[in-house]
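Welcome, and thanks for taking a look. Please open the view below and keep it at hand as you read.

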Amino acid sequence: MAISKSEVLQGTLDLLVLKTLDSMGSMHGFGIALRIQQVSEDLLQLNQGTLYPALLRLEQRGWIASKWGVSENNRKAKYYSLTRAGCRRLVEEAESWDRMSAMINRVLRTT
Amino acid sequence: MRELLRTFVKRLTALFRRRRLEDDLDEELRSHLEMAIELNVRKGMSAADARQEALRSFGGVERTKEMYRDQRGLPMIETAWQDLRFGFRTLRRSPGFTLLAMLCLTLGIGANAAVFSWVEGILLRPYPLVSHQERLVALAGTVGAERDETSWPDLLDVQRSCTLCETLFVSNITGATLSIGERAQVITGSIASANYFDAIGVHPMLGRGFEPGEDSGRNAHPVVVISYHLWQTRFKGDREIIGKTQRFNNVVHTIIGVAPEGFYGTFVGRGIEFWVPASMLEAFNAGYAKLEDRGARWAEAYVRLKPGVTRNQAQQEISAIAARLEAEYPATNRGRDIKVWALWQTPFNHAGELLPIFEIMVVVVMFVLLIVCANVGNLLLVRSFARRHEMTVRLAVGAGRGRLLRQLVTEGLLLSACGAAGGILVAYWCRHALVLLFPVRGGNVVYLPGEIDWRVLAVSGAVCLITTLLLGLIPAMQTSKIDLAGALKSDSAGVVGGGGRTWVRSSLVVLQVTLSFILLVGATLLMQSLRKIRTTNPGFSTTRVFDTSVTLAAAGYDAPRAKTFQDELIQRVRALPGVEAAAYARVVPLGYDSFSSTPIAVDDYEPRANEQPTAEYNEVSPNYFATLGIPRISGREFTRADDENAPRVAIVNQTMAARYWRGQNPIGERLQVKGNWVQVVGVVKDSKYYNMDETPRPFFYVPLRQYFDIEPDIHIRTTQPLQTIQTALIREVRALDPNLALYEMITLQEQVNRSTSQQLVAVTLVALFGGLALLLASIGLYGVMSYIVSQSTRELGLRMALGAGASNVMCLVLSRGLLLTTTGIVIGVAAALLLTRLLGNLLYQVSPRDPLAFGSALVVITIASFVACFLPAWRATRVDPARALRD
């Protein structure tokens, strides 16, 4: 079953973007969208457009930085990369996600 | 936290780089879509499908952009900015309305700001450069229920034992003569304690302040600190002035300091020009009071309380000290207390007498502001009616009512902000205007500044916000009634007789009429009171008697020389053509100088417990009563024979005779004055001594020769005009001694006028604002009536078609207008009956419910409203029935 876009919580999208940039290095918006779709094996069907306000929000908070660059097929594109503060944020977010999911799993398994 | 701040800053800066960021966004999204299309084509789709698919998975480019923009900037500020620009355009489209509204608001807010700035600069923080004024209080003595000054030893004791006082300092107003050519001028100065400059935290810009100990010893420290103004005007800003000498009251003083620019001393109403230490007291009061004398009450003091101490606590402690002094020194301190006053109630400068005026002024300007709001509100209503179509369209295309309301409030804010800016400008121009209402006394620096500081700005800002809300609410009430269904229905015509939709506007007019009626009643009451005061018989002639004095003390005359000079001068003056009588007196009635005061004793008069009979007296020469025209009841006048070698004598007034001799004839009886027994030789009628509105008080006169003063006033009764007698007098004085000069010469009527300047100020201000209010209310009434007429042309046409004549129509419209006025007046009468009591102390022999005042206010307002209604009524009669019905 596909996860509908409304269920993609804001914080989750942030985490996905940060993780993607962490593992792939500098990427443009389209690249990030593709990557998230691939990794989630198309389960996550988000409107690619929603990525951009999220990217702006992360940038405003100083977790990612952007720079104009040129894509592999010679197109002008804005490239995003993780900042040091973003790295720290990713670790924190991942930990809290782990705790959260472990907790939920425990609740679900105890009957 | 840091991230939130960072986000906010980024969003804020984004507001200013919008175009650039917008281009970036376009570019980024375009490249995204192009990459997506390229990928889809590579996957094997047709160009059209690839594009379709890319757009589908992107999910709404415009919506994304909208979300992105909301995230990028500060949407609230952006809409506010939009509203502001729109409001600005709307206002510019109707310049007539905008100008009128802004003018009204400027007047309303300006009047408030000006009065606030006066209250701030004159009452709350009256002394520029003085530190911690919020903790300053004034000290004044009381004996029984009456106010009196305090004595120096008492104050020193208070200073020593008061634990709640941070510091106590003395500053008494005094004067010194400076001669300029043939005219002499008294400049205002201050006798201060040695800690004065340190206590107030003002440091001389040149030289030094007083040193501890300079306020003790009799005439021991002739040093003076001069004001910046005096330094600039008389000493031409001489940088080498320190150490130079200058004669003040014939004592050579060394100039030790120059006070900084902008420091005017600590006396509300006057700019102080020099300061001498208290040790110089006797040089400045001609020996009437001695510093060490506990019974000599002359000192006026201020105390700065320690932080957190209330006036009540201080009062308790200081009263306890006063009680201790009373027990310790019963001879001088019986029945005496020391009272703590807030700075704005200071009884020994002009603050106390200005306070009631300002209390009234605050109420009055609030009224004016309310009237302005009602007026501008009415203007806005007309416009909101004209803008119904616009509003309806905006509602129809989906604007929320909240958004519309915000738009209206923004427009109100624009108007009132411009009004506030203009108002503060008006207040700035008017900050010294109060001085204009006070008479200049012999070239003295009258100093009544308004102070526009952040507090005044804050209050004006608050006034502006309240105005905005009131202004925004009025059309909003109208807007919230718009219903979309009726949007395109044409407005059905109004009816002259009916209330209906115009009730908001009508009640605004009624409010204006009410408020201006109250102001008019107040103004009329004050005017009547002023007329009564000025025409009250002061007990002496005013128009043909002149008063001045000769600079004998300043020229260094001693008593014997002065006596010779005075005798010679008075003979020459009596010989002048047109002079009927002339005499000397130490103090001129109703002037600023105090009369001498003494404890008295009378044979057979038993004082009650705690009563120390005292009376004030004047030292006068022969012919005094004839010159001033004070009627003699029995006994005789003083003669040349009542000199220093003759037995001491006195003449008492009626009240004194009645109180101390219980109506028996006091002539030949004894009276004790300053410890000596004198014989009463005459009784004269009561007159006014300090104020025109005082009640009769016991008073007596002694011969100048027996209680000599070097520099008394000379009173001349003559048929000549002022210029003539002044020139003649100067000639005679110069003939005797060319080094002498004359002080300002005025008639006693001028003296009366000066002593009632407080009432004049109140009348002028209230009448000014009352007139303004009346004008605004008339404009309001005119506006509403014109509107009603223009809305009911169809009804009027119908009436005329059915046979109503021009006079019927005119009556109809006029009666509607007068109905509004009458309603306003009825409410106004009720409110005025409650409010005029506020005028209380300012009214002299006029009841706050005086029917004449109410009647004349009624007449004025009825005439004004008749005028305001006439034009619309006349226009109503010009309605063409055929056209009105066809349209």
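What follows is a short tour of chain B.

This is a predicted model, in which local features need pLDDT of at least 70 and side-chain atom pairs count only at pLDDT 80 or more, while totals for chains, interfaces and linings use all residues. Residues are numbered from 1 along each chain as its sequence is written, and chains are lettered from A in the order in which they are written.

| Domain of chain B | Residues |
|---|---|
| domain 1 | 2–73 |
| domain 2 | 75–128 + 351–490 |
| domain 3 | 145–334 |
| domain 4 | 499–539 + 752–887 |
| domain 5 | 545–751 |

Taken over C-alpha atoms, the centres of domain 3 and domain 5 of chain B are separated by 29 Å.

Now to the partner chain.

Finally, α7 (residues 152–161) and α11 (residues 311–328) of chain B pack at about 130 degrees, their axes 10 Å apart. Axes are lines fitted to C-alpha atoms over the stretch in contact, and angles run from 0 to 180 degrees between N-to-C directions. α7(B) and α11(B) are therefore oblique to each other, since angles under 35 degrees count as roughly parallel, over 145 as roughly antiparallel, 65 to 115 as roughly perpendicular and the rest as oblique.

Technical notes: Helices (H or I, at least four residues) and strands (E, at least two) are DSSP runs, numbered from the N terminus. Domain bounds come from an automatic or database domain assignment.
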